[in-house]
Amino acid sequence: MNGRRFTTALTVIFAALWLAPLFFSILMSFRPEAEPISIGNIFFGSQITLENYQTVLTIAPWGLHYLNSVIFVVGVLIVQLFTVTLAGYAFARMQFPGRDFLLLIVLLQIMIPAAVLLVPNFATIRDLDLFNTHWALMLPYWGSAFGVLLIRQTFRGIPYELEEAARIDGATLFQVLRHVYIPLSIPAYLSFALVSISSHWNEFLWPFIITRSDEVRPLTVALNQLYQTSETGAQYSQLMAGTILVIAPLVVLFALFQRRFIESFASSGLK
Amino acid sequence: MLSHRLWTRLTPYLLIAPTLLLVLVFTLLPATRTLYDSLYQPARRAIEPSVFIGLQNYADLFDLTHYLGGRFLPILQNTVIFVFVSLVVAVPLALGFALLLNRQIRALGFWRFSLIYPMLLPLIGAASIWAFLYSDSIGLINTVIRSLGGQGQNWLGNPNLVLGSVIVVNIWKQAGYYSLFYLAGLQNISRDIYEAADLDGANAGQKLLWITVPLLRRTTLFIVVIAITFGFQTVEQLAALGLGNPADRSNLLLWFIFQNISERRNWGYVNAMTVILVSILLLFTVANFLIFERRGVEDERA
């Protein structure tokens, strides 16, 4: 069938075009530094080498930057899980004066991302004496309007009778959350966690302006530093090695858990 | 001790307090302060009072003869071009990707990975990959062009090409992300409609044009709005793709704001530009929210 062949050809062409940047940056990272790509020789150099990775690992304390990224991402997620659960429950199941107005205020956060308000937020962090600390990185992300919306919607779908039954047995609010709502909302929490982790792992502008030393800087900022110092261009093989180090975790996770990622991100339009 | 009733009444407020406090401190108050400060001329030194000047900061920004205004308007224009060209190319491409991936094909996982993975790269990582591809002397693109007998280009150094080069990176990164929404939308179109069209003898092109595209209209609208709001906030790639150079030709609004925050005399303009950026974002996100809520209402009815 002609139509089928046509669409298959299109798939192959676009997949090749889209994959090429990743493919060639991986190749480049394993090429000897002294052998830049040239006409007739764009794939491999004379040998496959790890020297670029070795060099890059000595240029910057990547272990430390990895740790900083993990602290940032995990520190944000853990606090978010608490804040979005509590607020999500209140907005889903409780009646109180001013509820809709307060929800609207929370939604403002989706409309105006903290990183856009660079100047005043920078000033706030300085006033709190937190400049160049892990706290400064995490603090603006601890509340998540996207998370509140997602959890509110999920909790609303859980039959109220389950809560009532638990209440009759004398369960407190926190017991109801722990034994009724949270166990029934695991997929929603997983989606939220994936989106939260990916977006903070990749965050750049805020960490860039709020950190100054290697002790705090996450991977993205370290990669930028590597880029700025290798601008002469001769060290693209090292730059690619550094880039691969930074992007590898998420790309590998995505390759392994495609479906989960796709479903999670499809619900993230209001991040 | 608080009475039990008062405690019950306070509970919802206590539950939302952490979220609300964070939104107040990092969104609402700073936004208000920015709006307020945008009406003042910053003092030369911290101890002096700043002077109320009304809308003068805004007037200066829109004055081409002003030292910052002369840069602001072209940069605003770049930003609008960046957002809309990305959109016009990436959204149809996303629909195409979704259609390609929505078939029964062998090795689906591989094709899906290939088209979608760029969305998971940090922009700064994506940009450094492309900086290598674009490199004039040893970049992959020029090497390929030259081996085919063509003329290599200075993709990031030529003022007429640089914005296009930055847009290509954005399209490459975002198309797969947008296709996720189309993939979800395609699941909701009933097979019966296509079968009915088959009976009427419709070909593939007609089915795409008269069934798929109209039924995905709402998804398209939704994607367009998020593409616009994301577009106006996307600046990280500039850190690796020439810092807005040459001659501001690839500079974008948020990056320009960032470039000016270190100079006190420009703070009034920084605030005014932030207000302009936030207004644009608000406009489109309110639109997004209205579409989203309306879709929610229809889902409930269905």
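Guide: What follows is a conversation about the terms used here and the values behind them. This is a predicted model, in which local features need pLDDT of at least 70 and side-chain atom pairs count only at pLDDT 80 or more, while totals for chains, interfaces and linings use all residues. Residues are numbered from 1 along each chain as its sequence is written, and chains are lettered from A and ligands numbered from 1 in the order in which they are written.

Visitor: What makes domain 1 and domain 2 of chain A separate domains, and where do they run?

Guide: The bounds come from an automatic or database domain assignment, which divides chain A into domain 1 (2-49) and domain 2 (56-266). Taken over C-alpha atoms, the centres of these two domains of chain A are 34 Å apart. Their contact takes six residues from domain 1 of chain A and eight from domain 2 of chain A, where two residues are in contact if their C-beta atoms, placed from the backbone, lie within 7 Å.

Visitor: How many nonpolar, polar and charged residues does domain 1 of chain A bring to that contact?

Guide: The side of domain 1 of chain A that touches domain 2 of chain A has two nonpolar, two polar and two charged residues. In this scheme Ala, Val, Leu, Ile, Met, Phe, Trp, Tyr, Cys and Pro count as nonpolar, Asp, Glu, Lys and Arg as charged, and the others, Gly among them, as polar.

Visitor: Why is Y117(B) called buried?

Guide: A residue is buried if 20 or more other C-beta atoms lie within 10 Å of its own, exposed if 12 or fewer, and partly exposed in between, with C-beta atoms placed from the backbone. Y117(B) has 21 C-beta neighbours inside 10 Å and therefore counts as buried. Y117(B) lies in the loop between α4 (108-116) and α5 of chain B, and, leaving aside its neighbours within four places in sequence, Y117(B) is in contact with L22(A), V251(A) and F254(A).

Visitor: Why is Y36(B) called exposed?

Guide: Y36(B) has 12 other C-beta atoms within 10 Å, so it is exposed. Y36(B) is found in helix α1 (residues 4-37) of chain B, helices being DSSP runs (H or I, at least four residues) numbered from the N terminus. Although Y36(B) and A272(B) are 236 residues apart in sequence, they are 9.4 Å apart in space, C-alpha to C-alpha.

Visitor: What makes D129(A) exposed, and what makes N132(A) partly exposed?

Guide: D129(A) has 9 other C-beta atoms within 10 Å and is therefore exposed, whereas N132(A) has 16 and is therefore partly exposed. D129(A) is placed in the loop between α5 (118-127) and α6 (134-138) of chain A, and N132(A) lies in the loop between α5 and α6 of chain A. Neither is a glycine, yet D129(A) has a positive phi of about 60 degrees and N132(A) has a positive phi of about 65 degrees.

Visitor: How do you know how α13(A) is oriented relative to α5(B)?

Guide: The axes of helix α13 (residues 236-256) of chain A and helix α5 (residues 123-134) of chain B come within 10 Å and cross at roughly 155 degrees, and that makes α13(A) roughly antiparallel to α5(B). Angles under 35 degrees count as roughly parallel, over 145 as roughly antiparallel, 65 to 115 as roughly perpendicular and the rest as oblique. Axes are lines fitted to C-alpha atoms, for helices over the stretch in contact, and angles run from 0 to 180 degrees between N-to-C directions. The contact of α13(A) with α5(B) has seven nonpolar, three polar and no charged residues.

Visitor: Why are α8(A) and α9(A) called oblique?

Guide: Helix α8 (residues 160-168) of chain A and helix α9 (residues 173-184) of chain A pack at an angle of about 130 degrees, with their axes 10 Å apart, and α8(A) and α9(A) are therefore oblique to each other.

Visitor: What makes α3(B) and α7(B) oblique?

Guide: The axes of helix α3 (residues 69-101) of chain B and helix α7 (residues 162-187) of chain B come within 6 Å and cross at roughly 40 degrees, and α3(B) and α7(B) are therefore oblique to each other. Their contact has 21 nonpolar, six polar and no charged residues.

Notes:
Helix = DSSP H or I, 4+ residues; strand = E, 2+ residues; numbered from the N terminus.
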